[in-house]
Amino acid sequence: MRFLALSPIASYALLAGVALVILLLHLLKPPPRQVVVPSLVLWARVIRDRKRPDARRLLSLLLALGAGLSLALALTRPEIGAFGTSAHRLALVLDNSPSMAARMSDGRSRWEHAIGQARAVLEQSSAATEVRMLDSVGRHRVSGFVERDAAIAALARLPAVAWGEAHMPTASLLAGAQVHLFTDGIAQIDAPERAIVHSVFEPADNVAVTAFEARPLAQDPTRYEALLQVLNASPGNQRVRLLITGGDHFSITQDLDLREGETVNATFDVSDFEGGVLGAAAVFETDALALDDFAYAVVPPHGPKRVLLVTPGNPPLEDALRSLPGVRLAVVPPDGYPRAGEHDAVVFDRFAPAESPSAGALLLRPPARTWLAEQSTTLTRPRITSWNEGHAVTGGIAWRNLRLARASLSGAINITSDALVLASGSASGAVVTAGYSKARWIQVGFALHDSNFPLQPDFPVFLGNALGWVNAPTPVLARGLGSVEVALPGAQVRDSSGNSVAASATAQGVVFEASRPDVYTVSTPSREIRVVANVADPRYAQINRSRLSGGGATTLQRDASARARNAELWALLLLFAGAFLLFEWAMFTRPRAV
């Protein structure tokens, strides 16, 4: 017998003290009552009865001792453990690798079965057992050994994760404890020889999207194709429906017959999709793992660029823009700009609106505007001194060949603008700057007729680079599931539904957890990056390659007799105390007819 509330010495002392008090109370005699009786017959009977043993008084003492000791014993929370069936310390290791999310034939996941088996082990153990809860991916913070009841409550809080490498906890965490491992055998977990392994493996159907990408055709950048890779990881042949959707109206459906273990690469023409997030799904009825059924890609707008030229008149510039591939040009004078409608990019020649446009803009010698870089100095015959060779707009252009008759330089560069080309004369500054307002913009501090730029072979290249940069789609990063770091300091992260995702600051930017396939948006007030997170590792799909023998889950029976042997007795002792008190009341206190 063990005592859970008090130490053994304190428990036995309490019981002895209670028994002594009850015995002393029974030895106390109340003062005799003086009664005048006119007959000696009654007294003769009293004297005769006193010679007999006082059985009623002895029974009353025993009942009082039984009730008092039962109540005192209940306070100590005694437990009678079953010999050889209950370890003093248990270490429960639950495999929470991605394959544990697979659904079994009863509709419950392998993870749910593992939790149920772990609870059964705990319920069959002693209440005094110390338990350490561990998981294979290491997402559960180790807090040492806890009481059995606390461990049972902690089971519901153990996370089932969608990514991470599974491994056996270090030997120091398992020392001195009986180890139980609950797993489906898919992850490469090397359990110690003394560990008791509980299997939750059962063969299941699974078809996975293992790769998905959208890219332009080499011969025609305005057309896009989607490449989809599908793996049948089921233990048999499957007929699968592939579904590609985008926006509100675009969809493609195709049925495939896949042999067991077969991987198929399929290509789809998605040129009719105007741009945005494209989703792919592999659908069939008995699929057991939803994590790898979906994948996403981002398709940038790929139609001809609608470019608006706002100019008082500049035929060389107009001809150069019309010669660019994939450009559909419209020309208006400055007073026609407010009625020009929407375009993908705007070129302003010696003009700039008071409000920044919603489309990307290239500005040639614009007047001063608050949303542009400040033009602090106007120089005659400035000389190009340096430029940013690594920028998409200015890289690869021979800027030293540029000759300027006059140019306005920007000296005040802030966090929303960058100097791309520097010039100097009587003063120094940036002659070409790039920035961001409602959209990207490129500001050139000279007019074309004040330079030899239109005569340079790099001039069309510069126009193409500038229009491509100001009209560039949101940058897209392709990542797998797990921790994703983006070099965008102070950014906020949202999923495709617009819900906020927890992110932590790092030295380079922010890091967040992509727990499922989705398109996440990482943004600051001036910049935005999209992160496409997919199940990039085909090993996620292999939910049937178990190292455990057998074809079904191990069912751990809850042993009722073991639970009874390990159960606490305080409730039963309270019942005994109540029974003793009830019996004493019936025998000695309840009124009787004379």
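The model is predicted, so local features are given only at pLDDT of at least 70 and side-chain atom pairs only at pLDDT 80 or more, while totals for chains, interfaces and linings use all residues. Residues are numbered from 1 along each chain as its sequence is written, and side-chain values use heavy atoms, with hydrogens and water left out. The protein has ten helices and 32 strands, where helices (H or I, at least four residues) and strands (E, at least two) are DSSP runs numbered from the N terminus. Of its 594 residues, 44% are buried, a term that means under 20% relative accessible area, with exposed over 50% and partly exposed in between (1.4 Å probe, protein chains only).

- Among contacts (heavy atoms within 4.5 Å) with a separation of 6 or more, 67% are between residues 24 or more positions apart.
- The largest pocket has a volume of about 1400 Å³, a pocket being an open set of points on a 1 Å grid over the protein atoms alone where a 1.4 Å probe fits, with protein on both sides within 12 Å along at least five of seven lines.
- Its lining counts 48 residues, of which V470, N471, A472, P473 and T474 are the closest to the centre of the pocket; lining residues have an atom within 4 Å of a point.
- Elements that each supply at least two residues of this lining include β9 (220-232), β22 (417-424), α8 (459-470) and β32 (527-534).
- By residue type, the lining divides into 22 nonpolar, 17 polar and nine charged residues, with Asp, Glu, Lys and Arg counted as charged and Gly among the polar ones.

**A sheet with a helix packed on it**

- Five strands form an open sheet in the order β5-β4-β3-β6-β7, with mixed pairing; two strands pair if DSSP finds at least two bridges between them.
- β5 (146-147) and β7 (196-199) stand at the edges with a single partner strand each, so one side of each has no neighbour in the sheet.
- Helix α4 (residues 110-124) packs on this sheet, where it touches β3 (89-94), β4 (130-135), β6 and β7, and its direction makes about 175 degrees with that of β3.
- Strand β6 (residues 178-183) runs parallel to β7 and is joined to it by four bridges, and L181 has V197 of β7 as its bridge partner.

**A second sheet and the pairing of β30**

- Another open sheet of five strands has the order β25-β32-β31-β27-β28, again with mixed pairing, and its edge strands, β25 (476-480) and β28 (500-501), each pair on one side only.
- Strand β30 (residues 510-514) has a covered face formed by V510, F512 and A514, and an uncovered one formed by V511 and E513.
- Five bridges join β26 (residues 482-486) to β30 in an antiparallel arrangement, with V486 opposite V510.
- β29 and β30 form a hairpin with four residues between them, and A503 has F512 of β30 as its bridge partner.

**Residues with positive phi**

- Most residues other than glycine have a negative phi.
- R350, which is not a glycine, has a positive phi of about 60 degrees; R350 lies in the loop between β17 (345-349) and β18 (360-364) and is partly exposed, with a relative accessible area of 32%.
- R365 has a positive phi near 45 degrees; R365 is found in the loop between β18 and β19 (374-380) and counts as buried at 19% relative accessibility.

Key. Points joined across faces, edges and corners; volume = space filled by probe spheres on them. Axes fitted to C-alpha atoms, helices over the stretch in contact; angles between N-to-C directions.
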